Amino acid sequence: MTAADDLGAFLEALLFIAERPLSSAELAELAGVPRPQAEAALASLAKDLIEGRRGLRLQGMDDAWQLATAPEVGQRLAAYAAREEARLTAAALEALAVVAYRQPCTRGEVERVRGVDSDYVLRSLLHRRLVVEMGRRDTPGRPILYGTTFTFLERFGLTSLDDLPPIEESTTPTLPAAEEQEPVDAG
Amino acid sequence: MAPELDPIEIVQPPIEAVAMRTTDALEPGFEVQLPTFSGPLAVLLHLIESRQLDVLTVPLAELADAYVAHLAEHPVDPAQLAEFVAVAAQLILIKSHSMLPGEVPPVSADAADEPDEEELRRRIVEYRALRDAAHALGERDLVAPMHRREPRESDLPVANVGPLPVVLLTDAMRALAAIPEPEPAPPEIMAREITIAMQITVLRAALAAGGRVVLQQLLASCRSRTEATVTLLATLELVRRRQVRVRQRELFGPIVVETLA
């Protein structure tokens, strides 16, 4: 067994027993290796877990890492692991999508895109721990900034925010005029 | 005879400010059925605001009637009700503007909120992208969830439940007995709550006897500065309601409060 494999195994074990996500700096310190080496080992651990079709995945956000079960087995695990959870409403999904794709972002930004008051729906997302306050923006009024959480990644089966479905940003050309002007059927 | 004092207008803060806000309730519930459109109300507003549908073709009265009929058959959800009122108000406003000949929608103080055509188009595209993203997220919601390790029961701190020596109990009892009785609480520690309504009652009772009372005497009987202040406010409130009249013949003289017939 090479030293690199040994490090990977150690990090995997460490993440298995950890009660909370660990940063690469913490992992490096616990493993007694420089941080770049720990990061490389994490990357290869993530790859091994996927390629080996294992039951766990490395899940990361803002340089915090945890082991979570693979999305592929999530449904079958639900019988054991999941609490009864209701699907999110359309309003909650919209607000969550703004936060997920624009984070960190303010309530004002959510409302500007959605065009409706989003105070209540953001609060319900906070309550479900799908979003969290991430500080304040240094602009007048110092509005609260929101971002998504590990709970969010887990719920949607994402190993990181990079896994979010790609979004057509508003930089795409405007819609064809034909669709905009489509006559409304008067029948 | 001194000139009669004008009744004083008191601008008082609202006693119970009820914070109203619209919560969004985009849940399917009430679907609009019109010759030109059928679907959720929010979509209707969206189409009208984005000028894809002429507001003049939308019969708002029928819309409201349909909603009332809908309410009669379904449980009332306050959030949806608020949402309907907000959207309907928006529709009425838009329609009013479009029905007035030559009327241009007024430029609001924050003109930034009145987007031009290009901005509107950009926002629609932005919103559609968001809506699609939200839809894509919804497709994944709880479909293939990942789970983290649950804390086990053995992870939870366990209380030491071995038998306890009796001496602990006697020691505790002795320690309790050693604690001196607490000093009696100083009087007047609780805030006295006096309301204008209460003092109006006091004032009316005082007026009931002879129809007039000297304010200074009333204030002298007050037990605290707060009570005196509220009594004065109560007097002013009755003046405002034109139930009493207040006269003072000379500077620093007695202020006579009289019932108005």
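User: Which residues does V99(A) touch, not counting residues up to four places away in sequence?

Analyst: The model is predicted. In it, V99(A) touches C105(A), V110(A), V131(A), Y146(A), G147(A) and T148(A). V99(A) is also among the residues with the most contacts inside the largest nonpolar core, along with A95(A), L96(A), A97(A) and V98(A). That core has 30 residues.

User: What makes α5(A) roughly perpendicular to α7(A)?

Analyst: The axes of α5 (residues 90–102) and α7 (residues 119–127) of chain A cross at roughly 80 degrees. Angles of 65 to 115 degrees count as roughly perpendicular, so α5(A) and α7(A) get that description. The two axes come within 9 Å.

User: Which residues make the contact between α5(A) and α7(A), and of what class are they?

Analyst: α5(A) contributes A91(A), A92(A), A95(A) and L96(A), while α7(A) contributes V121(A), L122(A), S124(A) and L125(A). By class, seven are nonpolar, one is polar and none is charged.

User: Which residues meet where α5(A) and α6(A) are in contact, and how do they divide by class?

Analyst: On the α5(A) side are E94(A), A95(A), V98(A), V99(A) and R102(A). They meet E109(A), V110(A), V113(A) and R114(A) of α6(A). Five of the residues in this contact are nonpolar, none is polar and four are charged.

User: How do you know whether L218(B) is buried or exposed?

Analyst: L218(B) has 21 C-beta neighbours inside 10 Å. The cut-off for buried is 20 or more, so L218(B) counts as buried. L218(B) is found in helix α7 (residues 215–220) of chain B and touches A206(B), V213(B) and T231(B), leaving aside residues up to four places away in sequence. L218(B) and L232(B) are 14 residues apart in sequence, with their C-alpha atoms 9.4 Å apart in space.

User: What is the phi of D62(A), and what makes this residue partly exposed?

Analyst: D62(A) has a positive phi of about 50 degrees although it is not a glycine. Most residues other than glycine have a negative phi. D62(A) is found in the loop between β2 (56–61) and β3 (64–69) of chain A. There are 13 other C-beta atoms within 10 Å of D62(A). A residue is exposed at 12 or fewer and buried at 20 or more, so D62(A) is partly exposed.

User: What makes R242(B) count as buried or exposed, and where is it?

Analyst: R242(B) has 9 C-beta neighbours inside 10 Å. With 12 or fewer as the limit, R242(B) therefore counts as exposed. R242(B) lies in the loop between α8 (225–240) and β4 (244–248) of chain B. Its phi is near 55 degrees, a positive value in a residue other than glycine.

User: Which form does the peptide bond from Q103(A) to P104(A) take, cis or trans?

Analyst: The bond is cis, with omega near -5 degrees. Most peptide bonds are trans. P104(A) is found in the loop between α5 and β4 (105–106) of chain A.

User: How many helices and strands are there in chain A, and what share of its residues counts as buried?

Analyst: Chain A has nine helices and six strands, and 33% of its 187 residues count as buried.

User: What are the corresponding values for chain B?

Analyst: Chain B has eight helices and five strands. Of its 261 residues, 16% count as buried.

Note on methods
Residues numbered from 1 in each chain as written. Chains lettered and ligands numbered in written order. Predicted model: local features only at pLDDT ≥ 70, side-chain atom pairs only at ≥ 80, totals over all residues. Axes fitted to C-alpha atoms, helices over the stretch in contact; angles between N-to-C directions. Helix = DSSP H or I, 4+ residues; strand = E, 2+ residues; numbered from the N terminus. Parallel < 35°, antiparallel > 145°, perpendicular 65-115°, else oblique. Contact = placed C-beta atoms within 7 Å. Nonpolar A, V, L, I, M, F, W, Y, C, P; charged D, E, K, R; others polar. Core = buried A, V, L, I, M, F, W, Y, C linked by C-beta atoms within 7 Å.
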